[in-house]
Amino acid sequence: MATKKRANYGMKSLVEQVANSVKKDIDKGIYPKNEKLLSITIYSKQHGVARDTVEKAYNKLKQDGYIHSVSGKGYFVIGKPDVRIKVLLLFNKLSSYKKTVYDSLVDTLGDRGKVDLHIHHYNPALLEESIEANLGNYHYYVVMPHFFDYADEQDYLNILKKIPIDQLILLDKDVPQLNRRSAVFQDFRNDIYGALIAVTTQIEKYGKVTIIYPVDRHHPPEIKDGVAQFCEEKNKGFEVLPSIKLDEIKKGTVYIVLAENDLADLIKGVRITGNKLGKDIGIISFNETVFKELLDITVISTDFEEMGRKTAELMLQHKTAVIKNDFKIIIRKSL
């Protein structure tokens, strides 16, 4: 047990890591003002750390003004009421949707939190660099675990396990292999399947469903699985294309589009070929924007603002939970 605990401490001294661990719990309010801390002996036994190490860590906390001792009674929390929750937010990429999540998280935390943003660009190695350089510096590490299609699962699981489980919150995608984690996620396969079931009547006039799934954009493959399941159950043709070309636009097809540039190309192509949108050709796009609303494009989307808000609430309430984020379909004339 002691070996495992020390393995998580990285390059910093054990005394400093123990002190930081207690300090973070005080900052988060887990140990409120005037709360009595575990005795040195009990802390030593529960965490597999030497008594001398715990005593030095408690003395450091006293010097930093976090706790005080009462002779014969123990150690008590002073706390710092102006201390904010420190969050390292690790996105896979930047986008308008990520900005919505970021803004919502920051707004919900308000002056109670401070958020730093890093981008790992789907690369587990970059994620590992950010985590290793910042372990012990934040109260929470909020990670979007989207990686290269060819990324080794065990590699990124081992990287995520470097973060103490009570400080890790997964965002947008769940990783069930990590026990006792917190997550605010989309269920990509079941969400897209459920959205298509909801518009079965509108899709009835189309004989085929084509998903435009760009290569090397690292979209969740579960999206394709959900569409394939729907098509199999409803006896619809099913096709996956990496992009859309003019001669590939076929009457009687509903297209599901993930990328904005492919949506623009498809709308342009439908007009050039003289097909009527919502009658000859159907379009469903991922993620709502004002642009899509103005063009009357049917949209399936999670609520990114809610995703950010729920993530912030987990931190503010010191809760551990796995939360499926709301998903919706907005039916418009393109279907």
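Author: A helix axis is here a line fitted to C-alpha atoms over the stretch in contact, and the angle between two axes runs from 0 to 180 degrees between N-to-C directions. The model under discussion is predicted.

Reader: At roughly what angle do the axes of helix α5 and α13 cross?

Author: Helix α5 spans residues 96-109, and its axis crosses that of α13 at roughly 35°, the two coming within 7 Å. The crossing is right-handed.

Reader: Which residues of α5 and α13 make the contact?

Author: Helix α5 contributes Tyr97, Thr100, Val101, Ser104, Leu105, Thr108 and Leu109. Sorted by class, the contact of α5 with α13 has 9 nonpolar, 5 polar and 3 charged residues.

Reader: Where does Lys310 lie, and is Lys310 buried or exposed?

Author: Lys310 lies in helix α13, residues 304-316. With a relative accessible area of 14%, Lys310 is buried, because buried means under 20%. Leaving aside residues up to four places away in sequence, Lys310 touches Val184, Ile323, Lys324, Asn325 and Asp326.

Reader: How do the axes of α8 and α10 cross?

Author: The axes of helix α8 (residues 188-198) and helix α10 (residues 222-234) come within 7 Å and cross at roughly 40°. This crossing, too, is right-handed. On the α8 side the contact involves Phe188, Arg189, Ile192, Tyr193, Leu196 and Ile197; their partners in α10 include Ile223, Val227, Phe230 and Lys234. By class, the contact of α8 with α10 has 8 nonpolar, 2 polar and 5 charged residues.

Reader: How is a pair of aromatic rings described?

Author: Such a pair is described by the distance of the centres and the angle of the planes. The structure holds 6 aromatic pairs. In one of them, the rings of Phe148 and Tyr150 have centres 5.0 Å apart and planes at 20°, so the pair is stacked. Tyr150 is exposed, at a relative accessible area of 64%. Elsewhere, Tyr43, Tyr58 and Tyr75 form one aromatic cluster.

Reader: Over which rings do the charged ends of Lys28 and Lys224 sit?

Author: The charged end of Lys28 sits over the ring of Tyr140, 4.6 Å from its centre. For Lys224, the charged end sits over the ring of Tyr213, at 4.1 Å from the ring centre.

Reader: How far apart are Ile272 and Leu246 in sequence and in space?

Author: The two residues are 26 residues apart in sequence and 8.3 Å apart in space, C-alpha to C-alpha. Ile272 lies in helix α11, residues 260-272. With a relative accessible area of 53%, Ile272 is exposed.

How values were computed
Residues numbered from 1 in each chain as written. Predicted model: local features only at pLDDT ≥ 70, side-chain atom pairs only at ≥ 80, totals over all residues. Heavy atoms only, no water. Helix = DSSP H or I, 4+ residues; strand = E, 2+ residues; numbered from the N terminus. Left-handed = near helix turned anticlockwise from the far one by under 90°. Contact = heavy atoms within 4.5 Å. Nonpolar A, V, L, I, M, F, W, Y, C, P; charged D, E, K, R; others polar. Phe/Tyr/Trp six-rings, centres within 6.5 Å; stacked < 30°, edge-to-face > 60°. Buried < 20%, exposed > 50% of the residue type's maximum accessible area, 1.4 Å probe, protein only. Lys NZ or Arg CZ within 6 Å of the ring centre and 35° of its normal.
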